[in-house]
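Let us walk through a protein chain together. Keep the sequence and the 3D view side by side as you read.

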Amino acid sequence: MKATIHQPQFLPWLGYLDKIAQSDLFVVLDNVQFKKNEWQNRNRIRTAERWQWITVPVLHDFGQSIGDVRINNDVHWRQQHLRAIEIHYARAPFRQIGLDALTSVYAQPWARLADLNLAVLRWLLSVFGIETPIRLASEMVLRTQPTDRLIDICRLLHADTYLAGAGADAYMDRPRFEASGIRLETQMFHHPVYRQCYDPFLPGMSAIDLMMTEGPDAFHRLRAQSAETGLLEGRSA
């Protein structure tokens with residue numbers, strides 16, 4: 001069984017979903033330190049001026065785990081996000097499908113960032129037909145050293161293969177991991193080129209960019225095309 005493991009991201013990009021789609025099990029690493037100004041509480045959407053962040057405001061302390069980070073609901077972030085998407089995707093053929101779904105997700109009284117991210121992820125996986133099961137790292141007893149933690153998760157779940165992102169060498173001890181006997185694979189993601197609302201094409205947007213412009217069936221179709229042609233390298237997952 002092949003497992004992949006990653007921190008929960010807000011409105012993740014296609015490379016994140018591709019890694020999940022390639023795996024038999026996805027573990028949400030929600031018990032590690034929250035990193036401000038990365039992808040855990042924000043992502044990018046395409047605009048006429050290239051792109052913009054859509055950010056979930058959070059209340060957090062230094063060193064706090066992602067699972068404990070709370071959303072700052074004194075800020076009207078839901079309305080701001082939906083308005084930005086409504087404006088910048090005005091010409092997108094599948095805009096209303098995405099807006100209706102996000103409006104439904106946002107209608108819940110989210111207090112914790114990890115819960116919101118998980119709900120958004122489940123929605124995107126459902127939209128794109130990705131059926132990989134999800135587990136939470138916070139439900140497991142694990143060692144805290146990064147490489148040990150990955151080994152523990154794989155062993156607990158009886159995974160004989162771990163699919164790492166392209167940036168794995170920055171957070172794991174590769175020789176130590178390989179000595180565990182668990183097979184290590186590295187994702188080779190080639191970003192597909194598809195129709196966006198504005199030219200030129202810009203890779204690395206949130207996956208809602210593809211869903212709004214090309215529709216729910218686009219994910220598997222474009223993954224297959226990119227596997228054949230290898231068009232663009234994506235951003236680091």
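Helices (H or I, at least four residues) and strands (E, at least two) are DSSP runs, numbered from the N terminus. This is a predicted model, in which local features need pLDDT of at least 70, side-chain atom pairs count only at pLDDT 80 or more, and totals for chains, interfaces and linings use all residues. Residues are numbered from 1 along each chain as its sequence is written, and side-chain values use heavy atoms, with hydrogens and water left out.

Start with a loop. Gly-167 sits between β8 (161-164) and α6 (174-178). Is Gly-167 buried or exposed, or partly exposed? Buried means under 20% relative accessible area, exposed means over 50%, and partly exposed is in between (1.4 Å probe, protein chains only). Gly-167 has a relative accessible area of 27%, so it is partly exposed. Its C-alpha atom is 8.9 Å from that of Thr-186, which is 19 residues apart from Gly-167 along the chain.

Now turn to the strands. Two strands pair if DSSP finds at least two bridges between them. Strand β1 (residues 2-6) runs parallel to β2, and 4 bridges join them. Within this pairing, Ile-5 has Val-27 of β2 as its bridge partner. From β1 the chain passes through helix α1 (residues 14-21) to β2, a right-handed β-α-β crossover. Right-handed means that, with the strands pointing away from the viewer, the path from the first strand over the helix to the second runs clockwise. Strand β2 also pairs with β7, in the parallel sense, over 3 bridges. There Val-28 stands opposite Leu-136 of β7. Which way do the side chains of β2 (residues 25-28) point? Leu-25 and Val-27 point one way, while Phe-26 and Val-28 point the other way, and all are buried.

Next comes Thr-132. This residue lies in the loop between α4 (113-127) and β7 (134-136). Its relative accessible area is 11%, so Thr-132 is buried. Contact means heavy atoms within 4.5 Å. Leaving aside neighbours within four places in sequence, Thr-132 is in contact with residues including Ile-20, Asp-24 and Phe-26. A polar contact is a pair of N or O atoms within 3.5 Å; within protein, one must be able to donate a hydrogen and the other to accept it, and residues adjacent in sequence count only if both atoms are side-chain atoms. The side chain of Thr-132 reaches the backbone oxygen of Ile-20 at 2.9 Å. A polar atom of that side chain also lies 3.2 Å from the backbone oxygen of Ser-23.

Now a helix. In α3, the buried residues include Gly-98, Leu-99, Leu-102 and Val-105. An α-helix has 3.6 residues a turn, so residues three or four places apart point the same way. The buried residues of α3 pack against α2 (77-88), α4 and α7 (208-214).

Last, look at some backbone angles. Most residues other than glycine have a negative phi, and most peptide bonds are trans. Asn-37, in the loop between β2 and β3 (42-47), has a positive phi near 65 degrees. Asn-37 is exposed because its relative accessible area is 51%. Arg-50 belongs to strand β4 (residues 50-55), and its phi is near 95 degrees, also a positive value. The peptide bond from Asp-199 to Pro-200 is cis, with omega near -5 degrees. Pro-200 is in the loop between β10 (190-191) and α7.
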